[in-house]
Amino acid sequence: MQRFRTQKALLALTAASGLLLTACSGGGDAGESSKAADRHDYSAGQPAPAEGRDTDERDDRREDPDHLSTFALDVDTASYDYARRALADGRLPDPSTVRPEEFVNSFRQDYDRPDGDGFSVTVDGARTDDEDWSLVRVGLATRTTERSGERPPAALTFVIDVSGSMAEPGRLDLAQESLSVMTDRLRDDDSVALVTFSDEAETVLPMTRLGGNRDEIQDAVSDLDTQDSTNLGAGVETGYETAVDGLREGATNRVVLISDALANTGDTDADSILERVSGERREHGITLFGVGVGSDYGDALMERLADKGDGHTVYVSDEDEARKVFSEQLPRNVDLTARDAKAQVAFDPETVEEFHLVGYDNRRVADEDFRDDRVDGGEVGPGHTVTALYAVRTEPGAEGHLATATVRWLDPETRDPHEETGGLEADALDDSVWSASRGLRTAATAAYFADALGDHDLPDAPRMDELADHADDLADSTESEEIRGLAEAIGTANRLM
């Protein structure tokens, strides 16, 4: 994991030396941002010119002198839900499966939404118990889809694992329930295809319109039965071939993989599997939505497949969660509002001594590649919120500008680039994380929980029993069912640890 990214607090810039941050919302390329006009500017993607200064002690403790942090957006949530499943089974999750950003992004935030496609940017933060450290939250949100008719039609190729391991309750039966729910929820102008795989892969149902064919599709789903071993590579390859055969122009073409991802036959390497279908992915823009099931689950393989397949993953353990994913959350799991979305946060070297991005370890992007649209980013649908938390150590008595966050994305249809920005001043930091807004407290609680289960990277993190108390207080004050679930998971982990 990339540890604390310390930064040169030695730099002095003149207003003329920086490029103004660019920003645009719904139109073409970015223009000048008035938000940056009255201060020194540390533009995303542009290195700050340095003036030499001798501070050997500070130089020695730096791992990275850069003041920029760049990452591809990620809306995966599987890590948190799989951890909850492990805790419910009376065991702590394997630390290698704990990805903090997925814990944080499991909770939708109340960020302002943009009027059209693209993103809004919200930046806020609060002090931790150590007065020099703060948590800074960068929040990105896409528009909501309140009416089902707002999205384009979907052409979905379901790739279903019917290997022997899927016979366990909560695997194939849950996949069938999920497909049944989704089939009922889809519109008449949507289309689905069905591919199954065990030791071999088979197209059970070619791309078929929902209108007039729902009974046929439901029958195909209900007839699924488990067979032999797990050739996941063959399933993905056949799934993409079927998706190309049934490709619909003007529709969202997506492969939906439902599996426990316990591949044991054929190709079991995510990069190799997706390289075999790279032409279909790149030429036709077919994205991958991974749905994990099962108490034993190939988390690393599924997560890698989704990241490399321009998609995202979720994990479902029961029918209630399946209904949320395939019914309530259907638009954001099917439609796309942004392709290759990346974020870059520029910290002001005059106020920030060091900073650390929480999670996103396999989503980091080279700073100079932020505006290189050939470099892969993340795909995001409507109704999503994306949160990135930073542990930030400010200079003593810091005043003035703290950070500017910029998100860049491509229009899913035209591939035109767009950007939006937001900023944070030091005096806007709340006095305490635990008395900050509901959203920031929730993000902090989720991040600290992941930290306790995983690599223990965050500075000034509370003990697990203290965190359990904070989580209970938060659940009581918000009366939120999902936050109560977080508090219960933390309580269980506290007892197990």
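The lining of the second largest pocket comprises 17 charged, 5 nonpolar and 4 polar residues, where Asp, Glu, Lys and Arg count as charged, Ala, Val, Leu, Ile, Met, Phe, Trp, Tyr, Cys and Pro as nonpolar, and the others, Gly among them, as polar. The structure is a predicted model, in which local features need pLDDT of at least 70 and side-chain atom pairs count only at pLDDT 80 or more, while totals for chains, interfaces and linings use all residues. Residues are numbered from 1 along each chain as its sequence is written, and side-chain values use heavy atoms, with hydrogens and water left out.

Of the 26 residues that line the second largest pocket, Arg281, Lys308, Asp310, Asp340 and Asp376 lie nearest its centre. Two or more lining residues are given by each of α7 (270–276), α8 (278–284), α9 and β13 (338–347); helices (H or I, at least four residues) and strands (E, at least two) are DSSP runs, numbered from the N terminus. The volume of this pocket is about 540 Å³. On a 1 Å grid over the protein atoms alone, a pocket is an open set of points with protein on both sides within 12 Å along at least five of seven lines, a cavity is a set where a 1.4 Å probe fits but cannot get out, and lining residues have an atom within 4 Å of a point. Grid points are joined across faces, edges and corners, and a volume is the space filled by probe spheres set on the points.

The largest pocket holds about 930 Å³ of space. Its lining consists of 33 residues, and Ser106, Lys324, Gln329, Arg332 and Glu482 lie nearest the centre. By class, 10 of the lining residues are nonpolar, 12 polar and 11 charged. Helix α10 provides the largest share of this lining, with 5 residues.

The largest cavity has a volume of about 50 Å³, and its lining is made up of Thr128, Asp129, Val433, Trp434, Tyr448, Asp460 and Pro462.

An open sheet of mixed pairing is formed by 6 strands in the order β9-β8-β7-β10-β11-β12, with two strands taken to pair if DSSP finds at least two bridges between them. Because β9 (201–209) and β12 stand at the edges with a single partner strand each, one side of each has no neighbour in the sheet. From one strand to the next, the twist averages 15 degrees. Strands β8 (residues 191–197) and β9 run antiparallel and are joined by 6 bridges; Leu194 has Leu205 in β9 as its bridge partner.

Helix α4 (residues 172–185) packs on the sheet, touching β7 (154–161), β8 and β10 (252–259), and its direction makes about 165 degrees with that of β7. Helix α9 also packs on the sheet, touching β10, β11 (287–292) and β12, at about 160 degrees to the direction of β11. Axes are lines fitted to C-alpha atoms, for helices over the stretch in contact, and angles run from 0 to 180 degrees between N-to-C directions; contact means heavy atoms within 4.5 Å.

Asp299 lies in α9 (residues 299–308) and is buried, with a relative accessible area of 4%; buried means under 20% (1.4 Å probe, protein chains only). Leaving aside neighbours within four places in sequence, Asp299 is in contact with Thr97 and Arg99.

Key: Buried means under 20% relative accessible area, exposed over 50%, partly exposed in between (1.4 Å probe, protein chains only).
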